[in-house]
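Work through the exercises below with the sequence and the model side by side. Try each task before reading its solution.

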Amino acid sequence: MHDTSTGSTGHTARPSRRAVLAATAGLTAALTVPTTAHAATPDERRLRALISRMALEEKVGQLFVMRVYGHSATAPDQADIDANLKEIGVRTAAELIETYRVGGILYFTWAHNTRDPHQIADLSNGIQQASLGLPRGLPVLIATDQEHGAVCRVGAPATLFPGAMAIGAGGSRSDARTLGRISGTELRAMGINQDYSPDADVNVNPANPVIGVRSFGADPDAVARLVAAEVKGYQDARVAATAKHFPGHGDTAVDSHTGFPVITHSRDLWEKLDAVPFRAAVAAGIDSIMTAHIQFPALDDSGDPATLSHPILTGILREELGYDGVVITDSLGMEGVRTKYGDDRVPVLALKAGVDQLLNPPSLDVAWHAVLRAVQDGELTEARLDESILRILRMKARLGLFDHTSTTRAGVDRAVGTKSHLATADRIAERTTTLLVNEDGILPFDRRERRRVLVVGADPASPSGTTGPPTGVLAAALTELGFTATALSTGTAPSAATVTKAVTAAQDADAVVVATYNVTAGNSQRTLVERLLATGRPVVAVAVRNPYDVAQLPSVKGCLATYCWTDVELRAAARVIAGRVSPRGRLPVPVQRADDPAQVLYPIGHGLTY
């Protein structure tokens with residue numbers, strides 16, 4: 001553990017929780033309405049007084065949001081203690097907070113933070129207690145990536161909604177706001193008060209490996225409307241929403257987790273395309289905006305990633321867009337931000353660029369001490385840190401964290417995964433399923449003529465670890481609807497033997513449903529579909545991720561797009577296949593021809609019904 005006792009840190013009598021609340025009384029009511037201009041009100045002066053009493057080490061810590069392993073703040077499993085010691089140098093979340101005074105904690109499924117709702121609530125309470133029990137202890141921003149769809153850290157029994165592109169296919173601002181409100185209500189009940197959602201990127205590149213279905217679509221105005229609506233929903237639930245990834249990650253063929261993407265848009269195109277949803281988020285009073293680890297030469301020709309760019313974060317986001325909320329980096333462990341500078345320079349340069357929160361550095365010890373040294377050496381001023389901390393504390397105050405941070409198991413039971421919430425998610429999903437192809441009226445299936453249904457295809461891993469497998473979910477849903485459905489998983493790259501097995505199984509079926517996943521020209525999923533079509537059985541494809549699959553399946557007579565492979569979307573697709581509901585979704589992105597990408601096969605807005 002590191003000595004953080006400079007000044008009076010660690011040597012002052014611990015204040016009671018009542019004293020902490022009294023010192024910040026009245027802050028929440030005064031700061032519940034997000035604004036872009038903050039006058040020096042009496043309540044603001046209280047926040048500044050809190051900052052003035054903080055030791056430098058405490059200020060540095062407040063800027064960091066960090067991962068930590070374990071289901072408990074004080075008693076994680078031994079394997080998680082070992083992982084924490086190896087990666088962070090502490091044993092538990094409580095030790096992390098005591099050692100580094102971090103202002104935020106980030107939950108991940110793989111870090112064993114999100115096993116079940118009661119456990120999550122207990123972990124959140126333990127984190128808050130650990131922080132508030134310290135001298136000058138402050139409430140913690142507890143965050144996660146709960147985008148729904150392809151990125152989801154909290155799984156069932158919490159309510160899981162369709163992902164962003166599915167919501168884009170539904171096109172309903174009311175549904176987007178409802179998603180934000182219900183998701184936020186459930187997160188808040190589990191003690192999570194900041195969600196890194198919605199994705200405000202405009203996905204105009206079908207080959208985008210990292211955004212894709214996480215985006216609402218390719219029309220900037222439609223994306224902007226849905227971003228603003230979802231932000232309002234999270235605000236309704238008093239959870240901080242986060243628009244990402246500024247200045248726009250929608251047109252890249254490189255994943256910034258593993259590489260350094262370059263966006264070649266002109267400044268004019270950026271204004272008309274990428275900027276539109278972020279302007280809408282700012283207008284909606286967004287609490288935080290996450291940066292992108294991308295190079296954008298038209299906005300800054302220095303070669304620096306946007307996360308480290310003063311022209312982009314201060315010149316454009318702060319000054320031109322008028323945003324004065326919290327700016328948070330994407331994970332500092334991603335390759336896109338580590339390519340040009342060392343891990344000790346990245347956090348310092350991010351702060352100089354205009355960032356407030358430093359997310360998940362690969363080595364917290366290196367990053368924390370780098371910022372501390374930068375202030376001690378005069379590269380950063382303590383006043384610069386104070387600016388960021390004030391923004392962070394304003395957000396905590398607006399969320400009511402100075403008044404109340406704890407949650408209860410009874411509160412979890414009242415809010416998380418309720419019948420009403422689950423039913424709402426199902427209804428929203430039904431409005432997103434998109435029928436792309438329906439030749440010869442192949443859909444819907446009539447269970448009197450096509451009772452025996454074989455479901456084959458890809459079974460990608462569940463985003464939250466609590467759903468799927470897709471073929472099994474589809475088969476079970478169809479069986480509940482009166483069919484006799486069986487599932488056969490064939491994978492994302494079926495072998496010749498697997499294809500033959502599926503073709504043999506199709507001989508005993510009246511119809512076949514194929515779940516496809518990111519089909520490309522050379523992918524053997526195409527072979528699977530063609531061989532199944534050759535059996536003469538009716539074959540319907542369900543694109544369970546990218547809707548672009550349909551361009552690779554020219555012979556198929558029926559094709560649906562669900563935009564994700566989680567249960568709520570697949571059950572809705574089953575109801576459409578069975579004719580229990582009519583398809584209502586419309587493509588939020590264009591689908592180009594596979595043999596001539598310059599030509600549009602299906603435009604934005606395409607969607608059939610019956």
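**Exercise 1.** Which helices do the buried residues of H19 pack against?

*Solution.* The model is predicted: local features need pLDDT of at least 70, side-chain atom pairs count only at pLDDT 80 or more, and totals for chains, interfaces and linings use all residues. Residues are numbered from 1 along each chain as its sequence is written, and side-chain values use heavy atoms, with hydrogens and water left out.

Start with the element. Helices (H or I, at least four residues) and strands (E, at least two) are DSSP runs, numbered from the N terminus. H19 covers residues 419-430.

Next, list its buried residues (under 20% relative accessible area; exposed is over 50%, partly exposed in between; 1.4 Å probe, protein chains only). They are His421, Thr424, Ala425, Ile428, Ala429 and Glu430.

Then find their contacts (heavy atoms within 4.5 Å). The partners are helix H8 (164-170), helix H9 (173-189), helix H18 (409-415) and helix H23 (567-577).

**Exercise 2.** Check the span of H19.

*Solution.* The expected span is 1.5 Å times one less than the number of residues.

**Exercise 3.** Trace the strand order of the open sheet.

*Solution.* Two strands pair if DSSP finds at least two bridges between them. Eight strands follow the order E9-E8-E7-E6-E3-E2-E1-E10, with parallel pairing. Strand E9 (326-328) and strand E10 (358-359) are the edges, each pairing on one side only.

Now zoom in on one pair. E1 (residues 64-67) and E2 (residues 104-107) share three bridges in the parallel sense. Met66 stands opposite Ile105 in E2.

**Exercise 4.** Which residues have the most contacts inside the largest nonpolar core?

*Solution.* A nonpolar core is a set of buried Ala, Val, Leu, Ile, Met, Phe, Trp, Tyr and Cys residues joined through side-chain atoms within 4.5 Å. The largest has 122 residues, and Leu96, Ile127 and Phe246 lead in contacts inside it. Leaving out residues up to four places away in sequence, Leu96 touches residues including Met66, Ile105 and Leu364. A second, separate core has 34 residues, among them Leu553 and Tyr602.

**Exercise 5.** Classify the ring pair Tyr100 and Trp368.

*Solution.* Rings of Phe, Tyr and Trp (its six-membered ring) pair if their centres lie within 6.5 Å; planes under 30 degrees apart are stacked, over 60 edge-to-face, the rest tilted. The whole structure holds six aromatic pairs. For Tyr100 and Trp368 the centres are 5.6 Å apart and the planes at 75 degrees, so this pair is edge-to-face. Tyr100 lies in helix H6 and Trp368 in helix H16, so the pair ties together parts 268 residues apart in sequence. Tyr100 has 0% relative accessibility and counts as buried. Trp368, at 1%, is buried too.
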